[in-house]
Amino acid sequence: MFFKCGEKTSPISVILVTSGSRGNKLLFRYPFQQVSDCTSSLTTKQRSPYALNTTGDVLEDPDGDSRFSDIILATILATKSDMCGKKFELKIDNVRFVGHPTLLQHPHTIQVSKTDPSPKREMPTMILFSVVFALRANADPSVISCMHNLSRRIAIALQHEERRCQYLTREAKLMLAVQDEVTNMTESDPQSPFRQILPKCKLARDLKEAYDSLCTTGVVRLHINNWLEVSFCLPHKIHRVGGNHVPPEALERSLKAIRPYHALLLLDSEKALLAQLPLDCSPALVRLIKTCSAVKNLQQLAQDADLNLLQIFQIAAHLVYWGKAIIVYPLCENNVYMLSPHANISLYSPLAEAFGQQFPGHDLPSMLAKFSLPLSLSEFRNPLDASVQEAQLIQMVVWMLQRRLLIQLHTYVCLLVPPSEEESGLLRDEELPLVARVGGRSLSTPSALSFGSPSIFTQLMIWWRICFSLISLPLV
Amino acid sequence: RGSSCIRIECIFFSEFHPTLGPKITYQVPEEYISRELFDTVQVYIITKPELQNKLITVTAMGKKLIGCPVCIEHKKYSRNALLFNLGLVCDARTKTCALEPIVKKLSGYLTTLELESGFISNEESKQKLLPIMSTLLEELNATGACTLPIDESNTINLKLIEQRRDPLIVQEYDVPVFTQCKDHFIKSQWDLTTQQILAYIDGFRHIQKISAEADVELNLVRIAVQNLLYYGVVTLVSIFQYSNVYCTTPTVQSLIDDRSIQEECLNYVTKKGQKRACLRDVFQLYCGLTPGTTVRDLCSRYSQQLQRVDERRLIQYGLMKALIRRLQKYPVKVTRDERSRPPRLYTGCHSYDEICCKTGMSYKELDERLENDPNIIVCWK
């Protein structure tokens, strides 16, 4: 049984349930179950009570999903109305369901479509609905809360569209009609009804798209009823260092640590990024993307883009959160870079191939080998090279930074007073020498320097280089 | 061991009454689960057949209920089946994974008791449940364990086991080192394989060497060490050689900031029989470890600072506490003729440590072989 580590952050399935005057219904689920597997789980075998219950061991499919039937899911996921408006979390063996059940107001009058030829009768009313994600039980709590967030966003959009034009009721009606049609078919080996629903229902396609995106890129963009945009990103898929995801708290901390002396490095080309933006996006965002550069710090960027610093911070944080940019120190001659411990230096990695295509005649491992020892940009460049080659070398460094192959090193200063021999009478043996920290990122004031005489101070500088993650995300 | 941080707020016994339907028959403390809460969650407590015998955890109204619904079918019961569920209630924010095996075990115990002696269906014996539940609640919260005889042939044995993260895979070139003094661990509690290899774990022998010297098969050693790793008894560092290269990590700052780490470090790295080394020297030594500097270089540059410091323990401590990290060498064959085979080991995926372990070459031999090959470049990371 093999799990890719990314699979812990992917959902097992997405399920849409409703509860109303027609009872609890499962409208749609994706991925589809094969009908044959479904029936086997429903057979009530006369089990000997002494037989071992192998839960979590052998009989389950590798995804850890015990293949719940549609009916039981409808019962357990369409909750009572007092659970609405809150996070819904249910764990059954090794599957965890998370959703946000939402109450729909009873419409006082139900608009029956004028083109509907059927005789006017009591339309079934939907009381509540829930978009539920099934996850593996060992999913990180932060993943669970992100999925809940997405469920809630979709619910808000659906609730709005339902109130405006009964969108959900209409889609539900379509889905149920297809389900009824399929179950009435007497042909052998019926297909899953949900497969038939997909081409007919936009909502079903949206849910499938959400599921597919969550399993691959982690970026979800839906247009509910071709009108309301629901966008969401799963940080666990987008921000990965060395095969592990960056925990959301670390991400939050680093976003708060953006400073005016940092620079913003886009991860896509300017053109590609602008093409991804929605039509109604903020013009400030567009301006920022057009003016930013890896050699310009955020303060300068604020001036060039004619925005205030706070706006720059907010937009930069937004771009970093969505995985479209990273925070670096502005590129300059004295920057020292080194090979990142998480870099993939394999000869056959997709990165090596991409590098070879981008920079013909050069190969990635040789370039990375140069950074095995910390190298400053000025040392990396050869002043005798033609300026074209020089420019290409800088592009290579930027390329490597974007893919987190390089980290930047910074120098910190620390002040350590040696234990003085004459004063040993005054100090206890166990007393450790006075330590103060100057410079670097410390905010300590120079008052620490008032201890000790100037001569001791000058004797005591200790320099060291410590590794510092380039994008100010701590290495986990 | 003391109580774990899981606090069980309530234990309840729920069943399907032939006329009243699902209800809570007993709960300790009384009245903890409100009528409203039970109405909301009863579908997850007394469940449809498809959900029976599954561990179900539902969160509602600020509480988490963990149960395992049981169904025993027999003609003798009214409605031909007995449905019940003994569950636990915690605050919604509690991480309850460790309680799941307990709930499962309890459901197993009750099933056995019912099948053997009708413990639950008999109204008289059913009443014994209440004091049992009280004792369970008290003892599990106090000590995380409970041993309770029910009748002559049945005793309930429960223990809350801390859930730990899966350990890393142990490689043959990894070196296990004890996180605390070896004597803390009672030898006889471990399995035979572990007992055999314990003496060879000294923070310098790697897995392959331990296997050879202790005469235990390699995979068994790996599994035993992985087990020790799981319980936090050992941690892994890399093989020590004077040709190794290390560099500092941001954590080295903790040596300056954290008094307890300073104390621990200085005690650990001072040479036996010498006066305690001073922080300045030790810190300078750690900072002297940079890419391109071997341990041998460090020793010659900082001989004065090393007078009171054992460099092997310095490196060991630095690795254990992640103050420093090892820079490994990875050879990559970047160019080759069309006719030669594609590289198997020189792909950038295998370090010198690994290659030497797998092929039996020494570092020096590998170095000599690769240095003269113009097709091979070396990356350090």
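Guide: Helices here are DSSP runs of H or I with at least four residues, strands are runs of E with at least two, and both are numbered from the N terminus. The model we will read is predicted.

Visitor: Where in chain A is A:Asp306 found?

Guide: A:Asp306 is in the loop between α11 (298–305) and α12 of chain A.

Visitor: What is the phi of A:Asp306?

Guide: The phi of A:Asp306 is positive, about 60°, although this residue is not a glycine.

Visitor: At what angle do the axes of α11(A) and α12(A) cross?

Guide: The crossing is at roughly 110°, and the two axes come within 9 Å. An angle from 65 to 115 degrees counts as roughly perpendicular. That makes α11(A) roughly perpendicular to α12(A).

Visitor: Which residues of α11(A) and α12(A) meet?

Guide: From α11(A) there are A:Leu298, A:Gln299, A:Leu301 and A:Ala302, and they meet A:Leu309, A:Ile312 and A:Phe313 of α12(A). By class, this contact of α11(A) with α12(A) has 6 nonpolar residues, 1 polar and no charged.

Visitor: How do the axes of α10(A) and α12(A) cross?

Guide: Helix α10 (residues 283–291) of chain A and helix α12 (residues 309–321) of chain A have axes that cross at roughly 80° and come within 11 Å. The pair α10(A) and α12(A) is therefore roughly perpendicular. On the α10(A) side the contact is made by A:Ala284, A:Leu285, A:Leu288 and A:Ile289, and on the α12(A) side by A:Gln311, A:Ile312, A:Ile315 and A:Leu319. The classes are 7 nonpolar, 1 polar and no charged. A:Ile312 is listed in the contact with α10(A) and also in the contact with α11(A).

Visitor: Moving to chain B, at what angle do α9 and α10 of chain B pack?

Guide: Helix α9 (residues 259–269) and helix α10 (residues 279–288) of chain B pack at about 85°, and their axes are 11 Å apart. So α9(B) and α10(B) are roughly perpendicular to each other. B:Gln262, B:Cys265, B:Leu266 and B:Val269 of α9(B) make the contact with B:Leu279, B:Val282 and B:Tyr286 of α10(B). This contact has 6 nonpolar residues, 1 polar and no charged.

Visitor: Next, peptide bonds. Is the one from A:Tyr30 to A:Pro31 cis or trans?

Guide: The bond from A:Tyr30 to A:Pro31 is cis, with omega near 0°. A:Pro31 lies in the loop between β2 (23–30) and α1 (35–42) of chain A. In chain B, the bond from B:Val28 to B:Pro29 is cis, with omega near -5°. B:Pro29 lies in the loop between β2 (21–28) and α1 (35–45) of chain B.

Visitor: How is the size of an interface often given?

Guide: It is often given as the accessible area lost when the parts come together. Between chain B and chain A the buried area is about 4900 Å², and carbon and sulfur atoms give 64% of it. In chain B, the residues that lose the most area to chain A are B:Glu50, B:Arg280 and B:Lys381, together 14% of what that side buries.

Visitor: How many residues of each chain are in contact with the other chain?

Guide: For chain B the number is 57, and these are in contact with 63 residues of chain A.

Visitor: How many salt bridges are counted between chain B and chain A?

Guide: The count is 1 salt bridge. A:Lys91 forms a salt bridge with B:Glu100, and the closest N and O atoms are 2.6 Å apart. The side of chain B that touches chain A has 30 nonpolar, 12 polar and 15 charged residues.

Visitor: Last, how is a contact list read for one residue? Which residues is A:Ile238 in contact with, leaving aside its neighbours within four places in sequence?

Guide: Contact means heavy atoms within 4.5 Å. With those neighbours left aside, A:Ile238 is in contact with A:Thr217, A:Gly218, A:Val219, A:Cys233, A:Trp322 and A:Gly323. A:Ile238 lies in helix α7 (residues 235–238) of chain A.

Notes
Residues are numbered from 1 along each chain as its sequence is written. Chains are lettered from A and ligands numbered from 1 in the order in which they are written. This is a predicted model: local features need pLDDT of at least 70, side-chain atom pairs count only at pLDDT 80 or more; totals for chains, interfaces and linings use all residues. Side-chain values use heavy atoms; hydrogens and water are left out. Axes are lines fitted to C-alpha atoms, for helices over the stretch in contact, and angles run from 0 to 180 degrees between N-to-C directions. Angles under 35 degrees count as roughly parallel, over 145 as roughly antiparallel, 65 to 115 as roughly perpendicular and the rest as oblique. Ala, Val, Leu, Ile, Met, Phe, Trp, Tyr, Cys and Pro count as nonpolar, Asp, Glu, Lys and Arg as charged, and the others, Gly among them, as polar. Buried area is the accessible area (1.4 Å probe) that two parts lose on being put together, summed over both. A salt bridge is a side-chain nitrogen of Lys or Arg within 4 Å of a carboxyl oxygen of Asp or Glu.
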